[in-house]
Amino acid sequence: GCFVFKPSAKKRRLSEKTAHEFRSTSHDSEDTELRFLTCQSLWNQIKSETEQIQEDLNKQLLDNLVSFLSRSHSDLQENTTKWTCRMKFREIPTAALVLGVNVTDHDLTFRGLSDVLQDKITPYVALLEAKDCPGIKNLMQKLMGQLMNCDVEVDSLEDEDCVQVSQNRIRCSMSSLISWYESVTKKTDSETPSKKRNSSSRHLQSPPVVVIFKDMESFTTKVLQDFIVISSQHIHELPVVLIFGIATSPMIIHRLLPHSVSSLLCIELFQSLSCKEHLSTIIDKLLLTSRFPFKLGEKVLQVLINIFLYHDFSVQNFIKGFQLCIVEHFYSQPLSVLCCHLVDLKKRVYSLSSDQCENIRRLPSFRRYVEKQESGKQIELLTNDSFLKEETEKLLEDLHVYHENYVSILRCLHVFTSSLPKYPLGKQIRELHCACLENQVWETEEYESSLQLARMLNKTDLVNMLQQCVEILMSSSGKEFDKTVEKLKEFLTQFQNLEEASQERDVAISSQKELQKKTDLYHLQKTLLELKESRRSKKLTKFEILRFEVVDYIDRLVRQYLVPADNRTLHEIVYFNAATVLRGHLNAAPRTALHTALNNPHWYLKNQALKCDGGGISNKAPDICIVYKLHLECGRLINLVDWLEAFSTVVTAGEEPNADAASSDQVDDIIHARFIRAVSELELLGFIKPSKQKTDHVARLTWGGC
Amino acid sequence: MSRPEGTRSSRRCLQVKFVPDEDVLKHIADDSGTKVRKDKAQLSVSVKRFVKKLENISDNEAQEILEEKNYVAALGICAQESLGNGSNISGGEVYSFQTPKRSNKMAELASELAQTPEKNVAPDHSKCPEKMAKTPQGKMFLLMHVFSLLFQNKKKEFVSTTPYRLRKRLAAPDPYLESESEYSASCSEEEDEEEQKEVSTVLSDQKTPTKTKAASTPPPRNSLAKKIKDQKMGNLVEEYFEAHSSSKVLTSDRTLQKLRKRRLNQQTLHDLLKNAPLAYAAEIRDLNQQHESLFSKWMLQLHLGFNIVLYGLGSKRDLLEKFRTSLLQDSVHLVVNGYFPSITVRSILNSITEEVLEHIGTFRSPLDQLEFITKRFKEDPSLELYILIHNLDSQMLRAERSQQILAQLSSLPSIYLIASIDHINAPLMWDQAKLSLYNWLWYETTTFNPYVEETSYENSLLVQQSGSLALSSLTHVLHSLTLNARGIFRLLAQHQLEKKDNPSYPGLSFQDFYQQCREAFLVNSDLTLRAQLTEFRDHKLIRTKRGADGVEYLLIPVDESTLADFLEKEDEDV
């Protein structure tokens, strides 16, 4: 059957340009091209940034791996003279790479890994995936294909024809691989001094062949075992090094491979960074910075984090969500053209069209702002475009400053809250960030309790934190913090002074110690009571007073700088807040949509006749809804005749009851046909299936409400 | 309970604590009859359970709502932002367990929906009075049934987890019963319960309003909510397995054959539906227009490396078709009708390599082919391909390997995939790895369009359809055979039709058949006949079965009416 058709193949050449043009025209309103460009450049920046972060985070791991590989290799080199001892062992050096459950992120890691390896250790790297290797034959084929291709890359042009011959070779066996390896290494040896200095100086002589199993768990045990046994047989001819990518735990190696096989491996374990830490870094670098003008609103961030935590632990997906946010924002918000770096801001503000000015005036946050101004300025703002532009520029600059301050103070606050017992405001800075974005954080109970706890901190901790805060504020780009830093430093010196003063108090402490020597319960009780009373009456020590001051000062800073972004004027321009859109696209619930459509068609079809109280459906609902509703009343099997009868009862009652009796037969046929259609639609949707258990019955496939 | 039934006594002891009043009633009821003892036991258990539940209804609800809220909050839904789609329903509502319902509940609901109950009482439902006469116990017995029935009703309501409805029902239980009593259920022999319902509902009109009211007032709350909830969950699980373990089917035995309705074939069905006006056409058009406004956005997102998947009730074929005609005219694109019964991944890959890439040659495996495609697309950045797949979740594409290949295909940067899914379990096809390859953006596009094309290929338009399709295939295959072969098949068909009244007809034995064919000069040796039969079997025209005595029986696996139609047609042709 012909089920696929491909029209307009001739016009193929046209498509290239239309795609490009389309992008700029797709937006329906202002400044689309600029917006699109801004969006693209922003995304590219963020993308390269994330890649950089990923690289940095993996650096440690990769370095370890590289050193391991070169070590295993050099062992081989040294032992060339003592082949016999090597042969006895026949062990394959193996790196077990524990990468965590976020399988989707592994790709990037492996890509980085193979790049690094090809750069530093060996040109012969093969990446194998379980889905490509259902059998040992496929595995060998794949392996040889990759190795010989990389051969092309290294040896480039000259040997092309020779390589092509080898590629065409169908017989893929270990021996052919070995002969290939020998020929290749010999060639490089001979050529090294003359031509290939650059490339081969990095690679040592007779470089190892690295075989990477990306997803070790999904390989068939048979394939793995066979491969390991075979390559261990040939280890002295072909220096193979294996790398296992493991998502679960290193135990899996021993579960997959019997002892006889795993004893052929010389395994070293490597652990990659956990995905949570990865995410924290990403959030830290992408969101808690004023480098990027685009910001995520609280709900959006919450959605993204929740998808990460509850669904996949995938940093890639988080970034994908972030990308979607950017696209959505620039696509749906015409004013997002102003969501740019400060440098470009002025130009863009002044080139705004009058429509765009209207858009600004329509922003709720801007209206709130206008209402607060005195009447003369109000009129100016609402009527004079150029005045509005000036004001807008100023406000946006304010917003930028606000961000800079916000981030620094947030970090300071995090220094405090992250060391409190039980973490009332969360352990991670992202939690604190969400709390601050959501509403005025100082009004929450959690904040209250964390202040309480902060008032009980001991001195060393407090001093430590203050020092950290000073560092953060010093390094921040915000200009307003000079005074704050001074103040904090003053606190620090005061603490210093206290230390000296406290030595005087030692006397008092020692007197208390004397009391402790008497172990008499009665006395102890008495002294405790005394102590309690004295504490109640005693005025605070200097340290305590100072501690209160510090906490109060921090509190003041928080109130000043951590105002939620929603309260800022023009926050709509840089904040993306459409969490539901995002959630609908990333974390959709198809079954819920079906459920709603079937149970409450009025939700979609805005017809008065469909409106029904109590969430039920009327008898005028679409056929499939009625049929569905009726089938809900049945057990495991449904009698088609009963179903049909019930359906026609409903439908005839729903339609005009005074229909002619004469044409009833005709109507019946139509109803019959409609019933058939609705039933087969339900079958397509997977609610029922035909059953052979009883004639003219169908089986229900769902249990309960849906 | 004073009843000396050994096995159940322990359970009933518990009961005393909870419902002493009922206990008294049951004392009396017990004397009156032994026939219904079994049912009563079940009912009383449910009474007990219900009373317990009733105590905790409000607690439970509060807690459930709270939990839902937590979950909702966790997922970051915000209540104040109104949704454009229906995703504000909590999972509990969609996936809730319910008590299994009996067959004629459907009819009940139908009449309820029809809202004109008197008119809709079917004529064959007149058995009930006599059934009532069959239970000539005293009034007290009936009273008890009313009780248990009431409890059952309310239990059902409760389980459906719609607090609003529950409250409504609790406030006014009697009107509900009254409306029910006007309707009599279709009776089949298994349905003892129904019969009781009839009896009791009738009675409830006469007698017991005060008592039922008393019983339905909820007792004071207690703090066992959590425990009870667990128990409820446990019960529901048990109920599920109960309902699915018994092979006994509690449905009526009526069949479509007995209905004097003629079967509809594909063509008439199509014609009839064409004549029937589509309900709510205007609203559906509005809905579709809403979706069409998203086209440019889809295009943008496709270009940015996302792929798009559409879900929601209604055929999305027209929508995709419109997308194609309005935006893809100038670019290379591939339309895959996933619902087509013979589609394979191979054919998709073939059409890419052969038609799009204009490559001549075959591949050893789909993986090789995929690799070739990947290579070509990577080499030539000017190549772009849009793939539209109607019903990515169809039977043929559902398999893990097909999805893997499609996912890898879609992950190529210059291949843009837009697909639709309909099956409720479609998302289960994809694991994390595939999802990340697909890089989906989900779009809800509920269209309410009828699935015309999608269902037309299913030969499972249930019973009505299977006949006609078989008939067309029969004639089709037979027309390509020799005259003798057709004669052989006719012979078999005629024989089968003659024996149609015999339900245990095993088929025609091979020897008899051979004899008959020889007599009709259709074959000259049993080898030729066997060769012919093999051909039939290959086309699934006949089925062979070995009987207990080792004799081979031949049977045409088609129902009588189709067979008769077929013979009629053949007669016309000859």
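Biologist: In β8(B), which residue is the bridge partner of B:Ser509?

Modeller: This is a predicted model, and in it B:Ser509 has B:Tyr553 of β8(B) as its bridge partner.

Biologist: What makes β6(B) and β8(B) a pair?

Modeller: Strands pair if there are at least two bridges between them. β6(B) and β8(B) have two bridges, in the antiparallel sense, so they meet the cut-off.

Biologist: Why is the sheet with the order β6-β8-β7 (chain B) called open?

Modeller: The three strands are paired antiparallel in that order. β6 and β7 (543-546) of chain B stand at the edges with a single partner strand each, so each has one side without a neighbour in the sheet.

Biologist: What is buried in helix α24 (residues 510-519) of chain B?

Modeller: The buried residues of α24(B) are B:Phe510, B:Phe513, B:Tyr514 and B:Cys517; buried means under 20% relative accessible area.

Biologist: How do you know that they lie on the same side of α24(B)?

Modeller: Around the axis they cover an arc of only 100°, which puts them on the same side of α24(B). An α-helix has 3.6 residues a turn, so residues three or four places apart point the same way.

Biologist: Which elements do the buried residues of α24(B) pack against?

Modeller: They pack against α23 (483-498), β6 (508-509), α25 (526-538) and β8 (552-555) of chain B. After α24(B) comes B:Phe521, with a positive phi near 55°.

Biologist: Why is strand β2 (residues 333-337) of chain B said to be largely enclosed?

Modeller: Five of the five residues of β2(B) are buried, so the rest of the structure largely encloses the strand. B:His333, B:Val335 and B:Asn337 point one way from β2(B), B:Leu334 and B:Val336 point the other way, and all are buried.

Biologist: What makes β2(B) and β3(B) a pair?

Modeller: The cut-off is at least two bridges, and β2(B) and β3(B) have five, in the parallel sense. In β3(B), B:Ile389 is the bridge partner of B:Val336.

Biologist: Why is strand β4 (residues 415-420) of chain B called mostly covered?

Modeller: Six of the six residues of β4(B) are buried. B:Ile415, B:Leu417 and B:Ala419 point one way from β4(B), while B:Tyr416, B:Ile418 and B:Ser420 point the other way, and all are buried.

Biologist: Which bridge partner does B:Leu310 have in β4(B)?

Modeller: The partner of B:Leu310 in β4(B) is B:Ser420. Strand β1 (residues 307-311) of chain B and β4(B) pair in the parallel sense over three bridges.

Biologist: In which sense do strand β3 (residues 385-390) of chain B and β4(B) pair?

Modeller: β3(B) and β4(B) pair in the parallel sense, over five bridges, and B:Ile387 stands opposite B:Leu417 of β4(B). Between β3(B) and β4(B) the chain passes through helix α19 (residues 400-410) of chain B, in a right-handed β-α-β crossover.

Biologist: Which strands of chain A form an open sheet of three?

Modeller: The order is β9-β11-β10 (chain A), with antiparallel pairing. β9 (637-639) and β10 (688-691) of chain A are at the edges with a single partner strand each, so one side of each is without a neighbour in the sheet. From one strand to the next, the twist averages 35°.

Biologist: How many bridges join β10(A) to strand β11 (residues 697-700) of chain A?

Modeller: Four bridges join β10(A) to β11(A), and the two run antiparallel; A:Ile688 stands opposite A:Arg700 in β11(A). Helix α30 (residues 640-654) of chain A lies across β9, β10 and β11 of chain A, at about 60° to β9(A).

Biologist: Which residues touch the most other members of the largest nonpolar core?

Modeller: In this core of 129 residues they are A:Phe294, A:Leu296, A:Ile326, A:Phe366, A:Ile573, B:Trp298 and B:Phe323. Helix α19 (residues 385-417) of chain A gives the largest share, 14 residues. A second, separate core has 79 residues, including A:Ile688 and B:Ile387.

Biologist: What share of the 574 residues in chain B is buried?

Modeller: The share is 52%. Chain B has 26 helices and eight strands.

Terms used: Residues are numbered from 1 along each chain as its sequence is written. Chains are lettered from A and ligands numbered from 1 in the order in which they are written. This is a predicted model: local features need pLDDT of at least 70, side-chain atom pairs count only at pLDDT 80 or more; totals for chains, interfaces and linings use all residues. Side-chain values use heavy atoms; hydrogens and water are left out. Buried means under 20% relative accessible area, exposed over 50%, partly exposed in between (1.4 Å probe, protein chains only). The arc is that of the directions from the helix axis to the C-beta atoms. Contact means heavy atoms within 4.5 Å. Axes are lines fitted to C-alpha atoms, for helices over the stretch in contact, and angles run from 0 to 180 degrees between N-to-C directions. A crossover is right-handed if, with the strands pointing away from the viewer, the path from the first strand over the helix to the second runs clockwise. A nonpolar core is a set of buried Ala, Val, Leu, Ile, Met, Phe, Trp, Tyr and Cys residues joined through side-chain atoms within 4.5 Å.
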